[in-house]
Amino acid sequence: MSLALTEYVLRPNTGRAGKPMRVRSNFFEITRFPIDHLYHYDISIDPPSAPPAIFRKVWKAFEDTKGHSVLRGIKTIYDGRKNVFSPKPLPLVDNASQFEVELQDSDATSKRAGGTFRVRIKKAGEINMDNLRQFLNGESSLTPNCLTAIMVLDVLIRHLPSMMYATVGRSFFTPQDKRILPNGAEVWQGFYQSARPAVGKMVINVDVSATAFYENDQLPEVVAKVLGRRSIDEMRRGISDRDRARLEKALKGIKVQVLHRGETVRKYKILKLTPTPLERTVFKDIEKNEEISVATYFQRQYNIRLAYPFLPCVVVKKDIFLPMEVCQVVGGQRFMKKLNEKQTAEMIKFTCQKPSVRASKINHGFNMLQYKNNPYIEQFGMTVKPEMTTISARVLPTPQISYSPSSQDGTFAPVGGAWNLRGKKVAQGAVLGSWSVVNFHAQSTTPAIQRFVRELCQTFVDTGLNVVNRQPPITHGDPQGNIDRTLKEAWLKAGNGAKATPQLILCILPNTGVPLYAEIKRISDTVIGIPTQCVQSKHINDAKKQYCANVCLKVNMKLGGMNLYLSAQQIPFISERPTIVFGGDVTHPAPGDMSRPSVAAVVASMDARASRYASAIRVQANRTEIVADLANMVKELLKSFYRSCGQKPERILFYRDGVSEGQFKAVLDNEVQAIKAACTSLDSDYRPKVTFVVVQKRHHARFFPVDPKDADRTGNCQPGTVVDTDIVHPFEFDFYLQSHAGLQGTSRPTHYHVLYDDNRFTSDELQELTYRLCYIYGRATRAVSIVPPAYYADLVAARARFHRRGENWSDTEATSESLDSEQQIASFASVKPELQKLMYYM
């Protein structure tokens, strides 16, 4: 039986370690759902090019008019695309029917939105709902029929809200309580909902979400905001070409409605801007056969004197020019571009809510989503419990972490998931002999820099590094100049000064701008092959102890030292036999960027303490989720492990970040096979035991302690809270672990799902190992929210983005269409081999 249940791993048992507690979780139990057969119909609507929102209107119009003969009071539900589900069979002739539906839509943006639609209905099949019950009880595998049954419940709970609110993915947004963001955007509050299988029952996961929309304002006002001007008047002298290009990029594709045509509210999509301002923009008037300026035309035709002749016009069809002041941005359009720094900061303020606030908002959302008094849900025979599920959780015991034995309290158990470095020395301090300083901040003087370096060296020594050279040479560099030359000069100075291979370049940066940082990292990682440590100029004159200590942790790891570790008996899986821990991640370019590649990063532990990691990077095709060259990456890292430890790993534990449920099968089939292939390619008899765990942060499960005594001071669960019952998979090996202490807002637990396991972990073994590892993330003095190998892989992938030659970092929205994807991939330089063994990305 167990063989047929899942391709992945069955939950070996329920974990028992730790202190039991109760939490509320944002899952609402479906206490009753249909057990009889449901009926599935295939719908096609012509013309087929309209968006789902229009199709929903068409279906609603069909229900209200022509559909009476077929539906006869049956409440069918529609997913906005191809599928309709019905609680009873529909009386169709030969299982198919066709109807014409008229849609009078004031919202008509184009011909396709109004007019006549042809609706064809064809029976697609029946859904056996009892099969879903068997799956939830662990008596059946997840069959295609089960997947459809879950989809029906998902469509059912979305049917009504999708007619009433702006829909994005699985969330519904409303402009109530909206907040203005800088530069012409605003943030709307919304609710996410999803029907999910759990242990022995179906549940609905409800969460608050937020997303950015374009501000619903007059176009000239929006233009001023996009360009960061206080008012439109500031642009009277005209708009520079650079600003015009910025504006065109920001406005392209936005829908506007015109205000000058009285009753008829036409809507258009902005294609581009005119290169000339309104007062100099002319077009050919066909009737009078003369060239006429847009301003004159509006004066004659509509008797409007235009107030902003210095703004360009928007081009909405091939030859329709509209003055900006007669346009208003249509409300409810999602802001699709990447948010800038200011917008992001405001967005975080809006979305960051204390657990108690979030919980009450979720309950409010539950009511807004209308599970009660919903004729569709009623007719399908479904009921939902109106309160959050209360479930059992456990708080795992805190591990003991170790710094150098020469520290006071060298080994201790942190309290509340955080600690500090006072009186502590790192476990293995590196030797710093050959290094130099580059100053890119013109206002920082040599004496000030020397003072800062003295402070820093003192902290290094106090923290257990061996600083042989406390007066490194200082080079002054021009941030706009030739960075390559400056860094090579600093490298030579370091080597000549110490008569030894340079180990580190310390760079002082004028600001937090990305371009200079990116260029320093590209050159040091891929051209010279030396770790660099960047510091902000503002710290030079006022170097706080805490700051110097944080820099020290990063530098020690970059030089091959070790900051802290867990004793062997706390991580028996890793210490008892030679074991390698991998982390893997694939990061993708910003949304809408279809030319830049995706970056795959893999890291692997190189010692018995799983504290030092080596890394490998590959650049691969845009938005591919599977690590394409995993076999070679693993092979490289296994060789490095052998060189470092003198043994072959007998066990492999692979934590894989950034995979959604839909990709589990592809990852299992490709990546687990690639790991095994890497092993046999080294030696045909080499078959270590592999465990493969997917790590997910992007989900909507949240936990709220029932008893305030069980909460930490932010109102969140304590670090080490683990959930592996009730709301997890009906029978597969997965669990939620919140390993970190909350800083602000509501903590997000991390979801771990085991896809493959030769090592036969029990729940306690894997949960405790994962939690303990979260305490030895090298550059922090707190437990982190995601297991360190996955965290490191994420850092490596993020760093690799900077290794591209000729990237335009100053314009975050710039896409690089000029290169095709092959050239894009070729433009990434690889990290120098001597650095791949070091944790240069810290």
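A residue counts as buried when its relative accessible area is under 20%. The model is a predicted one, and with that cut-off in mind Trp-59 is buried, as is Phe-62.

Another aromatic pair, made by Phe-173 and Phe-213, is edge-to-face, with the ring centres 5.9 Å apart and 65 degrees between the planes. Phe-173 belongs to strand β8 (residues 171-181) while Phe-213 belongs to strand β10 (residues 201-214), so this pair ties together parts that are 40 residues apart in sequence. Phe-173 and Phe-213 are both buried.

How many aromatic pairs does a search of the whole structure find? The search finds 30 of them. Beyond the pairs described above, there is also an aromatic cluster, which is formed by Tyr-613, Tyr-777, Tyr-791, Tyr-792, Tyr-840 and Tyr-841.

The next stop is a pair of helices. Helix α7, which spans residues 219-226, packs with helix α8, which spans residues 241-251, at an angle of about 120 degrees, and the two axes are 10 Å apart. Because of that angle, α7 is oblique to α8, given that angles from 65 to 115 degrees would count as roughly perpendicular and those over 145 as roughly antiparallel. The crossing in which α7 passes α8 is right-handed. On the α7 side the contact is made by Leu-219, Val-223 and Val-226, and on the α8 side by Arg-246, Leu-247, Ala-250 and Leu-251. Sorted by class, the residues in this contact of α7 with α8 are six nonpolar, no polar and one charged.

The last stop is a loop. Thr-463 lies in the loop that runs between α13 (446-462) and β24 (466-467). Is Thr-463 buried or exposed? Its relative accessible area is 5%, and therefore Thr-463 is buried. If residues up to four places away in sequence are not counted, Thr-463 touches Lys-424, Lys-425, Val-426 and Cys-552.

Conventions. Residues numbered from 1 in each chain as written. Predicted model: local features only at pLDDT ≥ 70, side-chain atom pairs only at ≥ 80, totals over all residues. Heavy atoms only, no water. Axes fitted to C-alpha atoms, helices over the stretch in contact; angles between N-to-C directions. Helix = DSSP H or I, 4+ residues; strand = E, 2+ residues; numbered from the N terminus. Parallel < 35°, antiparallel > 145°, perpendicular 65-115°, else oblique. Left-handed = near helix turned anticlockwise from the far one by under 90°. Contact = heavy atoms within 4.5 Å. Nonpolar A, V, L, I, M, F, W, Y, C, P; charged D, E, K, R; others polar. Buried < 20%, exposed > 50% of the residue type's maximum accessible area, 1.4 Å probe, protein only. Phe/Tyr/Trp six-rings, centres within 6.5 Å; stacked < 30°, edge-to-face > 60°.
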